[in-house]
Amino acid sequence: MSMRAVRRGAAALAAVLLLAACGGDPEPQRHGFFAFGTWVELSLAGVDKDAARAARDAVSEEFQRLHGAWHAWEPGPLGDVNAALARGEAVAADPELAELIARARPLAAASGGLFDPGIGALVALWGFHSEAPGPAPPAPEAIDAWLAARPGIADLDMDGERLHTDKSLLHLDFGAFAKGVAVERALAILRRLGIEHAIVNAGGDLGAMGWAGGRAGSRPWRIGIRHPRAEGVLATLELAAGEAVFTSGDYERFFIHEGRRHHHILDPRSGRPAEGAVAVTVVHPQAALADAAATALFVAGPGGWRAVAAALGVDQAMLIDADGGIHMTEALARRLQFDIDPATGLGDLRP
Amino acid sequence: MKGWGLTGGDLLVLLLAAVLVGGLYGRYWTPASEAGAALITVAGQAPRQVSLDRSRDLQVQGALGPSRLELAPGRIRFTESPCRGKHCIHQGWLSHGGGFAACLPNRVAVQLLSRRRDLDAVNF
């Protein structure tokens, strides 16, 4: 072999090694824990094992704390406020809870009350505040009594951190909001720990930052959006740095009574599970807003969701209706990759 | 070989190219259906990976009591759990990568490890 051949061989070998290094970003590490009654998983890229475990412990600790602080029915900062409001007393919220309320109120107003953390008493009527909802819907008279009062977070008088209401049926429940706020907190904790590339997936609702390859410009995070009835993924999506994806679906919490599905996303206008939608997915830079919007758009249904999305400043959303029709904003349609032709739809999705 | 105008260096380049293609193929091409594996997590314990290569039953000790899982090639399901709602059992077989079922009261979670290695997370 001549020197020239050896040199060429060496150059080729160097090229192979370089290419191998390009494709060789390590797989993200996954660490999970239970919190908020669900399974939370962190996918962390560009960190070593010890740092990843420490991050998991820090986020887990914060989530356990928030679960206690924001539980609507158990004694704790929010539970105590609810108990006082029910007795007709004025009560001081701790600063963290006051901030949560202050952040939720404008979203509730913008959604026309379709997202409303003031409907805790209705949630409880249906049993969705407990581990095992059902087995039957509440009596129509009980729903009518709630509708007659129609308490909402707008009925909460707020003077700084001092809270009062004239409506004894006003009961705060941040079930459609707290998870989004918690995901934002988790991402902030990770950033403080020096982690720049992560997904925080709280029971299927998630917020992402950075890149899956663990460095800027490497592979973007790839997300699958679950099919609302069948197993498997309906569409996939690559996330730009710093986006959250939240879905509200009628399959998440429900009970079946006399052949009919009663799910947990309640329409404050009817006092009953919202009809028309099966799942709504919202993509937005703010996880808390995405969480609230997914609920509001679901309640708005196939006829009203676009207007509510616009009012909330959401331009990337998808709604799947009970006939299996797939409705999307143009901005999201451009980004989603479907395994099926979305124009064909999914067929009848009624239970 | 001389007749083809190839030098030893050319051959080396061809050989390395073949190795590179083979390597990329092995690294990035994943068959659509493989037996797969599942990750079982019981609160407070390290997750445990089980292979879904054959049919068998598995019992894990959760917070309330034992949960039973049925394992089969490429799929897994809850068959018994000491919870009230039995959502974990109603969820049926998990057979797609990323598929997830949990008995929250008993703090037992099962996740089918992704056959779609292209996905980092599944939103639902």
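Buried area is the accessible area, taken with a 1.4 Å probe, that two parts lose on being put together, summed over both. The views below come from a predicted model, in which local features need pLDDT of at least 70, side-chain atom pairs count only at pLDDT 80 or more, and totals for chains, interfaces and linings use all residues. Residues are numbered from 1 along each chain as its sequence is written, chains are lettered from A and ligands numbered from 1 in the order in which they are written, and side-chain values use heavy atoms, with hydrogens and water left out.

**View 1. The interface of chain A and chain B buries about 3300 Å².** Carbon and sulfur atoms give 56% of this buried area. On the side of chain A, 48 residues are in contact (heavy atoms within 4.5 Å) with 35 residues of chain B.

**View 2. B:Asp120 and A:Arg219 join the two chains through a salt bridge.** The N to O distance between their side chains is 3.0 Å. A salt bridge is a side-chain nitrogen of Lys or Arg within 4 Å of a carboxyl oxygen of Asp or Glu; the count between chain A and chain B is 1. Across the interface, 12 residue pairs are in polar contact, with both residues at pLDDT 80 or more. A polar contact is a pair of N or O atoms within 3.5 Å; within protein, one must be able to donate a hydrogen and the other to accept it, and residues adjacent in sequence count only if both atoms are side-chain atoms. Elements of chain A that give two or more residues to the side touching chain B include α1 (3-22), β1 (29-35) and β8 (221-226). Helices (H or I, at least four residues) and strands (E, at least two) are DSSP runs, numbered from the N terminus. The element giving the most to this side is α1(A), with 7 residues. The residues on this side of chain A divide into 22 nonpolar, 14 polar and 12 charged. Here Ala, Val, Leu, Ile, Met, Phe, Trp, Tyr, Cys and Pro count as nonpolar, Asp, Glu, Lys and Arg as charged, and the others, Gly among them, as polar.

View 3. β8(A) pairs with β8 (residues 121-123) of chain B in the parallel sense over 3 bridges; two strands pair if DSSP finds at least two bridges between them. A:Ile223 stands opposite B:Ala121, and A:Ile225 has B:Asn123 as its bridge partner.

**View 4. Three strands of chain A form an open antiparallel sheet in the order β3-β5-β4.** Both β3 (91-92) and β4 (157-159) stand at the edges with a single partner strand, so one side of each is left without a neighbour in the sheet. β3(A) pairs with β5(A) (residues 162-164) over 2 bridges, and A:Val91 has A:Leu163 as its bridge partner.

**View 5. A:Ala52 lies in helix α2 (residues 49-69) of chain A.** A:Ala52 is buried, with a relative accessible area of 0%; buried means under 20% relative accessible area, exposed over 50% and partly exposed in between (1.4 Å probe, protein chains only). Not counting residues up to four places away in sequence, A:Ala52 touches A:Gln29, A:His31, A:Leu44 and A:Val47.
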